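These are my notebook entries on a structure I went through element by element. The sequence and the coordinates are placed here for reference.

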Amino acid sequence: MIVITAPTGNIGRRLLPLLLESAPARGEELRVIVRDPARLAAPVRERVKVVTGSHGDPAVVDRAFDGADAVFWLVPPDSSRTPDDAYRRFSLPAAHALVAHGVGHVVGVSALGRGTPVAGRAGLVTASLAVDDLIGETGVSYRALANPSFFENLLEEADSIREHGCFTDVLDADRKAPLVAVADIAAVAAGLLLDRSWTGTGSVPVLGPRDLSPADLARIMTERLGRPVRYERQAYDDLRSALVGHGLDKEFVDGIVDMKRAKDDGLDAGVTRTPETATPTTFEEWVTQTLGPAVLS
């Protein structure tokens, strides 16, 4: 029995089809935790066991983890709470349930940065790493998917790219860093969940095919979209003001800003890319297949 949290999220909705394709032949059943089962396609609901509710609810994870052999754990970002509440405290009921039900393996979505000089002041990333520690201390076999920023974050900039030909961030324009497609993260997660020959705790970097800077992204988008796209660097104070203006919790906003500052200070640069840590989807492919339709529609 494999339990999938957040099955309708960016990663979960790509992970679930991979597991549905391969798990039954291996004798694996699938169980999902979802707030609204209607968000699952009807054919999917017929092939999985559904536990309705939040996976931050003790009663929900107690039901969901009963009889489970493996769990895919993803903390959904909740900008109405402080980073500690949104990450570690949210995960506490799951940690207790993992022990209570003797779950053997957990694959969690986490971040790069552990062991770097800025890991302790990286805002939301620091909070995410604390979740890894919490789950690791339960005694389960645990693999944290250590991810950089996602290509998909740029979908939030689709309107600006379409209407103004620009996207914004707070990073130095020439700061190269790994970036990854969420589909590749899902593929790595599926492999770990289906082949549970691994033991102990550790991290699995998921680094994409190459490092890219904001200037690189602008150049590639210009080439692939067939229109000029430029990068505009935003001040940290302007980012903070904009996020607070959207009603986000002020401590959560500080967590975002601290994470961005840490990334500009090299948070994601602590792992060397190897054939084992690289993933296949290029930014060029992603722009053509995903961003392009969003911008050009």
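I looked up Ala6 and placed it in the loop between β1 (2-5) and α1 (12-22). For these names I used DSSP runs numbered from the N terminus, with helices (H or I) of at least four residues and strands (E) of at least two. The model is predicted: local features need pLDDT of at least 70, side-chain atom pairs count only at pLDDT 80 or more, and totals for chains, interfaces and linings use all residues. Residues are numbered from 1 along each chain as its sequence is written, and side-chain values use heavy atoms, with hydrogens and water left out.

Most residues other than glycine have a negative phi. Ala6 has a relative accessible area of 16% and therefore counts as buried; buried means under 20% relative accessible area, exposed over 50%, and partly exposed in between, with a 1.4 Å probe and protein chains only.

I then asked which residues that line the second largest pocket are the closest to its centre. Of the 18 lining residues, these are Ala6, Arg35, Arg39, His55 and Pro76. A pocket is taken on a 1 Å grid over the protein atoms alone, as an open set of points where a 1.4 Å probe fits, with protein on both sides within 12 Å along at least five of seven lines; lining residues have an atom within 4 Å of a point. The elements that give two or more residues to this lining are β2 (30-34) and α4. About 300 Å³ of space lies in the pocket, the volume being the space filled by probe spheres set on grid points joined across faces, edges and corners. By class I recorded eight nonpolar, five polar and five charged lining residues. Here Ala, Val, Leu, Ile, Met, Phe, Trp, Tyr, Cys and Pro count as nonpolar, Asp, Glu, Lys and Arg as charged, and the others, Gly among them, as polar.

**Entry: Val3 in β1**

Val3 is in strand β1. Leaving out residues up to four places away in sequence, I listed what Val3 touches, including Arg31, Ile33, Phe65 and Val71; contact means heavy atoms within 4.5 Å.

Is β5 mostly covered or uncovered? Seven of its seven residues are buried, and the strand is mostly covered. His105, Val107, Val109 and Ala111 point one way, and Val106, Gly108 and Ser110 the other way. In a regular strand the side chains alternate between the two faces of the sheet.

β4 and β5 pair in the parallel sense over four bridges, where pairing requires that DSSP finds at least two bridges between the strands. Val71 has Val106 of β5 as its bridge partner. Beyond four places in sequence, the contacts of Val106 include Trp73, Leu98, Ile135 and Trp198.

In the largest nonpolar core, of 45 residues, I found that Phe65, Trp73 and Val106 touch the most other members. A nonpolar core is a set of buried Ala, Val, Leu, Ile, Met, Phe, Trp, Tyr and Cys residues joined through side-chain atoms within 4.5 Å. Among the elements that each supply at least two residues are α3 (58-65), β4 (70-73), β5 (105-111) and α10 (250-264). Another core, of 32 residues, lies apart from it and has Val44, Val48, Val107 and Val180 among its members.

**Entry: the sheet with β9**

I traced an open sheet of three strands in the order β7-β9-β11, with mixed pairing. β7 (149-150) and β11 (211-212) are the edge strands, each pairing on one side only. β7 and β9 run parallel, joined by two bridges, and Phe150 has Val180 as its partner in β9. β9 (residues 177-180) and β11 run antiparallel, also with two bridges; Pro178 stands opposite Asp211. On β9, Ala177 and Leu179 on one side and Pro178 and Val180 on the other are all buried.

Leu243 lies in helix α9 and, at 18% relative accessibility, counts as buried. Beyond its neighbours within four places in sequence, Leu243 is in contact with Leu248, Val253 and Ile256.

Gly255 is in helix α10 and is buried at 4% relative accessibility. The C-alpha atoms of Gly255 and Ala127 are separated by 8.6 Å, although the two residues are 128 apart along the chain.
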